[in-house]
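Open the model in your viewer and keep the selection tool at hand. The stops below go residue by residue, then strand by strand.

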Amino acid sequence: MSTQRRVSLRIQGTVQGVSYRESARQEALRLGLSGWVRNRSDGSVEATVEGEPGALEDFIRWCHSGPRMARVTDVARTDGQSTGEFRTFTVERTS
């Protein structure tokens, strides 16, 4: 039985134009996570991430601060079951 989990995140604040997505991709890969991150047209960033629960919590903690120039005001999360659909962590197009 897999211990993998899935978390969907919505990150708000000054999170576009500050290398948030690329920094998130690097952090996710460092933690062994898979999934994607993208800008949203409303100025927020969203991510869907899968991996071990401890690594997911580390990633979520990172998301609360992000890269140096980011100013995060809120991180909303939705937990779910891992699907195993991702092989790596990518930056996706804006939604």
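Select R21 first: R21 sits in helix α1 (residues 20-30), helices being DSSP runs of H or I with at least four residues and strands runs of E with at least two, numbered from the N terminus. The model is predicted, so local features need pLDDT of at least 70 and side-chain atom pairs 80 or more, while totals for chains, interfaces and linings use all residues. Numbering starts from 1 along each chain as its sequence is written, and side-chain values use heavy atoms, without hydrogens or water.

R21 is partly exposed, at 27% relative accessible area (buried is under 20%, exposed over 50%, partly exposed in between; 1.4 Å probe, protein chains only). Beyond four places in sequence, its contacts (heavy atoms within 4.5 Å) are V37, R38, N39, V45, V91 and E92.

Next, select N39, in strand β2 (residues 34-39). N39 is buried, with a relative accessible area of 10%. Its contacts outside four places in sequence include V15, Q16, S44 and R93. Show the side chains of N39 and R21: they make a polar contact at 3.4 Å (a pair of N or O atoms within 3.5 Å, one able to donate a hydrogen and the other to accept it; residues adjacent in sequence count only if both atoms are side-chain atoms).

An unreviewed UniProt entry lists R21 and N39 as "active site".

Finally, select strand β1 (residues 5-14), which runs antiparallel to β3 (residues 45-51) with seven bridges (pairing needs at least two DSSP bridges). R10 is opposite E46 in β3.

Definitions and conventions
UniProt positions renumbered as here; feature names shortened; annotations may be inferred.
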